[in-house]
Amino acid sequence: MTSETTRNVTTQSWFDQARFIPPDAIFALTAQYVADPSPKKVNLGQGTYRDEHGNPWVLPSVRESRKLLSQELNHEYLPIIGLADFRKEAAKLALGPDLFQKQQEKLATCQSLSGTGALHLAGLLLRACKTPLPKVYIPEPTWSNHHQVFSSLGFQCESFRYYNPETKDLDIESYYSTLKSAEPNSVFIIHACAHNPTGCDPSKEQWRELARLFKERQLFPLFDAAYLGFNSGNVDSDAFAIRLFIEEMDLEAGVCLSFAKNMGLYGERVGCFLLSTSTEDAAVKTQSMLEMLQRSEVSNPPAYGAKIASTILADDTLRKTWHDDLITMSGRIRSMRTELYDSLVASGAPGTWEHLIRQSGMFGFLGLSPSVVIKLREKYHIYMADNSRISIAGLNKQIVDYVGKSITDCLKQE
């Protein structure tokens, strides 16, 4: 082949058919915020806790746990399914000591790469155990990764209306209706508490009716439990639905635990997948499958964050300190929620804002139009998700009134 011919040959790649995927919206928003030179910029996008000065907060319980670990820390591999003490303590946290004791022989657990990894393990296990693949029902709106995780595994994902934008509240009748019409053996993704992004959770009475319908319709509940303790300041309150489904309704259920928010271990990727089965035999078999699936995915999980979490949960003094930390975080978020509401009302923001203080958890779902969200970003340097979800944890006393008045100004200009 001549050099001229060589120059005319079109270069090809194995990956010419790859699709360009736009960047993740929240991470792209954070990058946009970081690049903004304005001294007044406000980041209400990414869901990470910030203290009253707007700085990352290392929990006192985590600081103490790290000190204890530093005395005898090694860097050996963990077992494939993770740190045994961590898996035990994580399951005990989610179920409570009494239910854990009663159910432990029917549990399969596997340490995971935070909540996302737990969801992915759950999907892999369901895919391996159910033929044909069950349909996966996901609330609308929801955390975007729910769709990505399960659709990437080949599941048909079906959205159902969870939130009513007119009432700015949970659409419980839509939830009931979807459960009643779903085919038996369908999987439902359930936010255990602090629904992301709406902050709207069922009441205890509504949870009981939901659990009854799950049992009646033979549906599989898969809990995404990213905020246990972080939501209300009390783990037992936030784990109510999980324990109701497993203990009172005697349902098999999956629980995807994350310790990113409630221990501030964001970058350590500390999570656990917990499966509560109806028989000891099922637990043994699914445990073995989780081990195989984990081996093929990540070989074995990272150790440091799991050791931090396990040390906190297993030590009475550290666990008490952590409970105090949860009260600190959840209490500050509630106070910021109230202060933003007060600012909006005092500045005469059009519309009603009671939904903001009805909601709970890290996020507030404002109900703003896309044009207002863009104006807030471009004119006032206030960054929030396109659907007007804000991280309440990103507010503090120095900026909350600026945010409230800026929202009011934008709405009055509409």
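## Domain interface

Across the interface of domain 1 and domain 2, the rule finds 8 residue pairs in polar contact, both residues being at pLDDT 80 or more; a polar contact is a pair of N or O atoms within 3.5 Å, where within protein one must be able to donate a hydrogen and the other to accept it, and residues adjacent in sequence count only if both atoms are side-chain atoms. Helices (H or I, at least four residues) and strands (E, at least two) are DSSP runs, numbered from the N terminus.

The model is predicted: local features need pLDDT of at least 70, side-chain atom pairs count only at pLDDT 80 or more, and totals for chains, interfaces and linings use all residues. Residues are numbered from 1 along each chain as its sequence is written, and side-chain values use heavy atoms, with hydrogens and water left out.

The domain bounds come from an automatic or database domain assignment, which gives domain 1 as 25–57 + 331–413 and domain 2 as 78–314. Contact here means heavy atoms within 4.5 Å, and buried area is the accessible area (1.4 Å probe) that two parts lose on being put together, summed over both.

| Item, domain 1 and domain 2 | Value |
|---|---|
| Distance between C-alpha centres | 29 Å |
| Buried area | about 1,400 Å² |

Carbon and sulfur atoms give 53% of the area buried between the two domains. Ser-360, Phe-363 and Phe-365 supply 32% of the area that domain 1 buries against domain 2, more than any other three residues.

The rule finds 1 salt bridge across the interface of domain 1 and domain 2, a salt bridge being a side-chain nitrogen of Lys or Arg within 4 Å of a carboxyl oxygen of Asp or Glu. Asp-169 forms a salt bridge with Arg-358, with the closest N and O atoms 3.6 Å apart.

## His-381

His-381 lies in the loop between helix H16 (370–380) and strand S12 (382–383). The side chains of His-381 and Asp-36 are joined by a polar contact of 2.8 Å. Leaving aside residues up to four places away in sequence, His-381 touches Asp-36, Ser-38, Lys-40, Lys-41, Val-42 and Leu-376.
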